[in-house]
Amino acid sequence: MLARKSIIPEEYVLARIAAENLRKPRIRDRPRKARFIAKNGACNLAHKNIREQGRFLQDIFTTLVDLKWRHTLVIFTMSFLCSWLLFAMMWWLVAFAHGDMDPSTESSTNSTKWTPCVTCVRSFTSAFLFSIEVQVTIGFGGRMMTEECPLAITVLILQNIVGLIINAVMLGCIFMKTAQAHRRAETLIFSRQAVIAVRNGKLCFMFRVGDLRKSMIISASVRIQVVRKTTTPEGEVIPIHQVDIPVDNPIESNNIFLVAPLIICHVIDKRSPLYDISATDLALQDLELIVILEGVVETTGITTQARTSYIAEEILWGHRFVPIVTEEEGVYAVDYSKFGNTVKVAAPRCSARELDEKPSILIQTLQKSELSHQNSLRKRNSMRRNNSIRRSNSMRRTNPSLIVPKVQFITPEGSQSASET
């Protein structure tokens, strides 16, 4: 069956579609800026064109610790194998130079006149086995040293020293990799989003930090930095300009007692880079706030550092974190399921500078919030009252036992009248 033709010609349909597309504004997303610090604390930085690679070999221990586990295990295995093979070659040369490899000496080995340097070393395989036995201090009893060759005694001392050095370096490297400071930072968590709200009459930037372990972080301190691209008056472009911002801490020192999740607060004042930013300007800002938590691990005594960052899209204006610490049966309980939950609160949309210049803005905002809250309470109460009335009426209709029966009254004149009671 043939397709049915449209009544409107195709050229008019295409023209109308093109006109509609022209009328609709096309919103293009702003190119997303690369983060300097990822949410998990990793630095988003790539080192290129490093010419002086030899500097890494000068600090060989740190280089080994920074390597990946597969590379460390390969180096660990190859270091022992190479040392065993090297000293196996030396033992074979000692035995060959002394004549232990000569077949003619086999008949005279039982005599008292001939004494080999190392007994039962007659091939490279036996020399390799003896090298392993010497370095890992395993004695099977078949091969042993004699006092015939002073050179063999020197090789034995040298191999023992080299083996101890390799054991100390490699075992220390593996221990440091398993006990690295950033492993402890995996249990230090930050809220996924930060908030800006009014606290004590001031606009404040806040985020929440917590520790999942019972072992505490001693002398924990929090630092906040703003990273943005700036241009100096001389025209110099600084791609990563770091600015420290103060943290509001009632204690004189910057240390915090991280026994329970805390809300870290930064008051947006004249010293703050956020002083001139309003709620509408925040989405257009190309900035990143880096949070650094440092402290000493209580169990190991190693200094650890946890990092995260917040970009403009992750900062909620006019929100506040919900409380998660409650007292239950004499014990303070922390509900981590609400760790990042926020609630919307009244906050002026202007910048902190405008709020300082016009304090009445805050009063008007709070009054509007109070009025809207009261209106919502009235509407909610009226809705509840109407629902209860409707529910009672529907129950009367559906339940016949609740219907009041009609009663007839007889007057003295004998007439009957019906009424409801």
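Visitor: How many salt bridges does a search of the whole structure find?

Guide: The search finds eight salt bridges, a salt bridge being a side-chain nitrogen of Lys or Arg within 4 Å of a carboxyl oxygen of Asp or Glu. This is a predicted model, in which local features need pLDDT of at least 70 and side-chain atom pairs count only at pLDDT 80 or more, while totals for chains, interfaces and linings use all residues. Residues are numbered from 1 along each chain as its sequence is written, and side-chain values use heavy atoms, with hydrogens and water left out.

Visitor: Which residue does K202 pair with?

Guide: K202 forms a salt bridge with D356, and their closest N and O atoms are 3.7 Å apart. K202 belongs to strand β3 (residues 202–211) and D356 to helix α9 (residues 352–357), so the pair ties together parts that are 154 residues apart in sequence. Helices (H or I, at least four residues) and strands (E, at least two) are DSSP runs, numbered from the N terminus.

Visitor: What about R353, which residue does its side chain meet?

Guide: The side chain of R353 meets that of D276 in a salt bridge, at 2.4 Å from N to O. R353 lies in helix α9 and D276 in the loop between β7 (262–267) and α8 (279–282), so this pair ties together parts that are 77 residues apart in sequence. R353 is partly exposed at 37% relative accessibility, as is D276 at 46%.

Visitor: Which residues do salt bridges with shared partners join into one network?

Guide: That network consists of R35, K39 and E314.

Visitor: Turning to packing, at what angle do the axes of α4 and α6 cross?

Guide: The axes of helix α4 (residues 69–98) and helix α6 (residues 150–178) cross at roughly 175° and come within 11 Å. The axes are lines fitted to C-alpha atoms over the stretch in contact, and angles run from 0 to 180 degrees between N-to-C directions. The two helices, α4 and α6, are therefore roughly antiparallel, a term for angles over 145 degrees.

Visitor: What residue classes make up that contact of α4 with α6?

Guide: The contact has 18 nonpolar, six polar and one charged residues. Nonpolar covers Ala, Val, Leu, Ile, Met, Phe, Trp, Tyr, Cys and Pro, charged covers Asp, Glu, Lys and Arg, and the others, Gly among them, count as polar.

Note on methods. Buried means under 20% relative accessible area, exposed over 50%, partly exposed in between (1.4 Å probe, protein chains only). Angles under 35 degrees count as roughly parallel, over 145 as roughly antiparallel, 65 to 115 as roughly perpendicular and the rest as oblique.
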